Amino acid sequence: MKAEILKMLRETGDYVSGQEICEKFGVSRTAVWKVIRQLQEEGYQVEAVRSKGYRILDEPDVITAEEVASLMETEWAGKPVVYYPETDSTNIRIRHLGDEGAPHGTLAVADRQTAGRGRRGRTWESPGGSCIYMSILLRPELTPEKAPMLTLVMACSVAEGIMDCADVKVQIKWPNDIIVSGKKLVGILTEMSTQVDYINHVTVGVGINVNVQSFPEEIQTATSLLSETGKRVKRAPVIAAVMRHFEEDYKIFMQTEDMSGLMEKYSGLLINRGREVLILEKDSEYKAFAEGINQKGELVVRREDGTVEKICAGEVSVRGVYGYV
Ligand code: BTN
């Protein structure tokens, strides 16, 4: 009920009488007052005027389940939201929730992670109160080899969601880093639980640097929305916007089970397209010209001798010739 009352106050933008709230939710005035008190304790500025009712003046930058749920405009993506003030890793939480039978679309959101995971076994710095750490549970009817493309789908949705909420132009560094001014703003980690030829569930985890001001020495290629725009951005609307885009992009992806329907969108965001890149294989590296992605989401590159290669995410890493992009 808290999320619904919050939504009602926000959408009205004016005073809502206690009576109206009581009638809408079929609860007592005391129950409504209790919810208002809780909201105030959580940092919401809710004005209470005897003859007029309640009016919301300002909202804190919180990402509680109620706050995020009250902004969610989707059918299934991000429903339900499970919030952790602190947890090891939202990817781990979603894996467990998936094993326990949680529904397709369940979203785990944390304010802080103590064991945030990055790609290639790296850790993901996860300080509290300033960033977004979220993972969505998916139960796609796909063969396992197609699941890695979901990372590219999410990259599109995150880029679109961020640009809806902040005054910034982001791009995608293939396959799934979101970058601004040549620095990394977002990381995405997709993990899967499978049988031999069957997906049990997929976890797509997203880490967005939002209001963080400085980064440790070893990750100087990182940036945040605050560093790029000079403005603080509220995190819950970003989460809701990403989920809204993801629901749409996922539908397009599932129609063909490949990137063909999202190709234009993804290619328009791809920073590597038309640039020289360095392909780093396990024991060797080579320079090539990146032409774009194909329907499978592979990066298509032309070597200096003219031969064309299709690069699969996860097997190699791609850098700019002069640095990170
Ligand atoms: C990368 O290395 O670029 C991927 C980083 C992914 C980080 C996110 S934060 C939310 C989710 N939980 C994790 O432990 N990792 C992902």
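Guide: E59 lies in the loop between β2 (53–58) and α4 (65–71). Helices (H or I, at least four residues) and strands (E, at least two) are DSSP runs, numbered from the N terminus. This is a predicted model, in which local features need pLDDT of at least 70 and side-chain atom pairs count only at pLDDT 80 or more, while totals for chains, interfaces and linings use all residues. Residues are numbered from 1 along each chain as its sequence is written, and side-chain values use heavy atoms, with hydrogens and water left out.

Visitor: Why does E59 count as buried?

Guide: Buried means under 20% relative accessible area, exposed over 50%, and partly exposed in between (1.4 Å probe, protein chains only). E59 comes in at 15% relative accessibility, so it counts as buried.

Visitor: What makes E59 and R10 a polar contact?

Guide: A polar contact is a pair of N or O atoms within 3.5 Å; within protein, one must be able to donate a hydrogen and the other to accept it, and residues adjacent in sequence count only if both atoms are side-chain atoms. The side chains of E59 and R10 make such a contact at 2.8 Å, so they qualify.

Visitor: And which residues does E59 touch?

Guide: Residues up to four places away in sequence aside, E59 touches R10, Y44, E67 and K234. Contact here means heavy atoms within 4.5 Å.

Visitor: Over to β5. Why is this strand said to be largely enclosed?

Guide: Count its residues: 8 of the 8 in β5 are buried, so the rest of the structure largely encloses the strand. Both faces are covered, with C131, Y133, S135 and L137 buried on one side and I132, M134, I136 and L138 buried on the other.

Visitor: What joins β10 to β11?

Guide: A hairpin, through 4 residues. Strands β10 (residues 276–280) and β11 (residues 285–293) run antiparallel with 5 bridges, and I279 stands opposite Y286 in β11. β11 then has 5 bridges to strand β12 (residues 299–303), again antiparallel. That hairpin has 5 residues between the strands, and G297 takes a positive phi near 85° there.

Visitor: Why does G187 count as buried?

Guide: G187 sits in strand β8 (residues 183–194). At 10% relative accessibility G187 is under the cut-off, so buried is the word. Neighbours within four places in sequence aside, G187 is in contact with W124, G205, V206 and G207.

Visitor: What makes the largest nonpolar core a core?

Guide: A nonpolar core is a set of buried Ala, Val, Leu, Ile, Met, Phe, Trp, Tyr and Cys residues joined through side-chain atoms within 4.5 Å. The largest such set has 68 residues, and M154, V158, I162 and Y266 have the most contacts inside it. Helix α6 (residues 149–165) supplies the largest share, 10 residues. There is a second, separate core of 16 residues, which includes I5, M8, C22 and L39. In soluble globular proteins, nonpolar side chains tend to be buried together.

Visitor: How many residues surround the ligand?

Guide: There are 20, and the closest are S89, Q113, R117, R119 and K184; a residue is near a molecule if one of its heavy atoms lies within 4 Å of it. A ligand oxygen is 2.6 Å from an N or O atom in the side chain of K184. The protein buries 98% of the 410 Å² that the ligand exposes when taken alone, with areas from the Shrake-Rupley method and a 1.4 Å probe; for residues, only the protein chains shown count as cover.

Technical notes:
Two strands pair if DSSP finds at least two bridges between them.
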